[in-house]
Amino acid sequence: MLALMGAQLLTARAAEPQVPVLWDAKERLPKPDLSKLPRLRFLTATDFPPFNFLDGAGRLSGFHVDLARAICAELGIAEKCQIQALPWAELEGALQKGEGEAIIAGIAATPESRSKYAFSRSYLQFPARFIMPKTKALAEPIFDRLRGKRVGVLAGSAHERMLRDYFGAVQIIPFERPEDLYAELRAGKIDAAFGDGMRFAFWLGGSDAAGCCRFAGGPYLAPEYLGSGMAIATRTDDPMLAAAFDYALQELSVKGIFAEFYLRYFPVSFF
């Protein structure tokens with residue numbers, strides 16, 4: 001349990017949405033000089049709401065689109081900034097052929113992907129969360145209070161491995177399909193569900209949940225199970241650009257702009 005808490009255990013507050021803070025405001029990153037950069041074209045996926053989607057007027061919109069534009073503004077190169085949406089399978093080839101300078105589409109920074117890309121630091125991570133019926137939802141500390149409870153989780157997932165390793169005292173009920181997991185939770189046949197916080201947030205905010213449930217306890221960040229989150233990818237021969245993104249992302253965090261985007265696109269916070 002100490003290892004999991006070391007990964008980061010945060011206490012959730014029901015009174016107001018929580019915004020992830022992944023940057024140290026006291027750290028001073030060097031401001032890059034991109035005055036000689038002829039163009040900065042971000043490549044992103046075509047249809048991955050709420051990160052990328054076409055709005056009612058057919059314009060490319062979403063969390064990644066707003067974030068890319070804000071990064072360009074922070075770097076003082078808004079007039080050189082472009083955003084192009086492509087099918088996911090075409091992103092890597094387009095970057096390598098020089099059709100763009102960066103990919104902002106949720107490519108995970110793994111040992112394998114680091115052989116292909118240089119990455120910024122993570123700008124968004126996806127914690128594991130518990131959800132429970134509102135009338136029975138627990139607050140931290142919940143480790144001992146979950147003992148013996150029936151907890152549903154998707155079978156074979158990283159969240160199931162995490163649940164078995166760190167919450168072995170619960171009764172683990174695996175499900176093959178998320179809709180079955182949600183139905184059993186709504187019906188009160190399981191005491192809680194454990195899984196991806198972002199997916200849970202969309203379910204909690206949708207009509208299918210019918211206001212039955214809420215997050216219980218705090219978010220769990222465990223990179224060894226869940227990965228390091230989303231980062232911006234550039235070509236391996238362009239680490240300076242990745243460092244420039246780090247500067248811009250930190251400034252956006254400190255100034256509250258990232259929080260504004262997060263709350264706009266994730267009204268039910270998964271942190």
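**View 1. Where α2 meets α8.** On the α2 side of this contact (heavy atoms within 4.5 Å) sit L67, A70, I71 and E74, and they meet F245, A248, L249, E251 and L252 of α8. Sorted by type, the contact residues come out as seven nonpolar, no polar and two charged; here Ala, Val, Leu, Ile, Met, Phe, Trp, Tyr, Cys and Pro count as nonpolar, Asp, Glu, Lys and Arg as charged, and the others, Gly among them, as polar. The axes of α2 (residues 63-74) and α8 (residues 239-254) are 9 Å apart, at an angle of about 100°. That makes α2 roughly perpendicular to α8, a label for 65 to 115 degrees. Axes are lines fitted to C-alpha atoms, for helices over the stretch in contact, with angles from 0 to 180 degrees between N-to-C directions. Helices (H or I, at least four residues) and strands (E, at least two) are DSSP runs, numbered from the N terminus.

Before the next views, a word on the model: it is predicted, with local features needing pLDDT of at least 70 and side-chain atom pairs pLDDT 80 or more, while totals for chains, interfaces and linings use all residues. Residues are numbered from 1 along each chain as its sequence is written, and side-chain values use heavy atoms, leaving out hydrogens and water.

**View 2. N52 in its loop.** N52 belongs to the loop between β1 (40-45) and β2 (53-54). N52 is buried, at a relative accessible area of 0%; buried means under 20% (1.4 Å probe, protein chains only). Its side chain makes a polar contact of 2.7 Å with that of T44, meaning a pair of N or O atoms within 3.5 Å, one able to donate a hydrogen and the other to accept it, where residues adjacent in sequence count only if both atoms are side-chain atoms. Leaving aside residues up to four places away in sequence, N52 also touches others, including D47, S61 and H64.

**View 3. Helix α6, tucked in.** Six of the eight residues of α6 (residues 197-204) are buried, so the rest of the structure largely encloses this helix. Among them are M198, F200 and W203. The buried set packs against β7 (128-133), α5 (178-186), β10 (192-196) and β11 (213-220). D196 caps the N-terminal end of α6, with a side-chain oxygen 3.3 Å from the backbone nitrogen of M198.

View 4. Five strands form an open sheet in the order β9-β8-β10-β7-β11, with mixed pairing; pairing takes at least two DSSP bridges. β7 and β10 run antiparallel, joined by four bridges, and A128 has D196 as its bridge partner in β10. Helix α6 lies across β7, β10 and β11, at about 120° to β10.

How values were computed. Buried means under 20% relative accessible area, exposed over 50%, partly exposed in between (1.4 Å probe, protein chains only). Angles under 35 degrees count as roughly parallel, over 145 as roughly antiparallel, 65 to 115 as roughly perpendicular and the rest as oblique.
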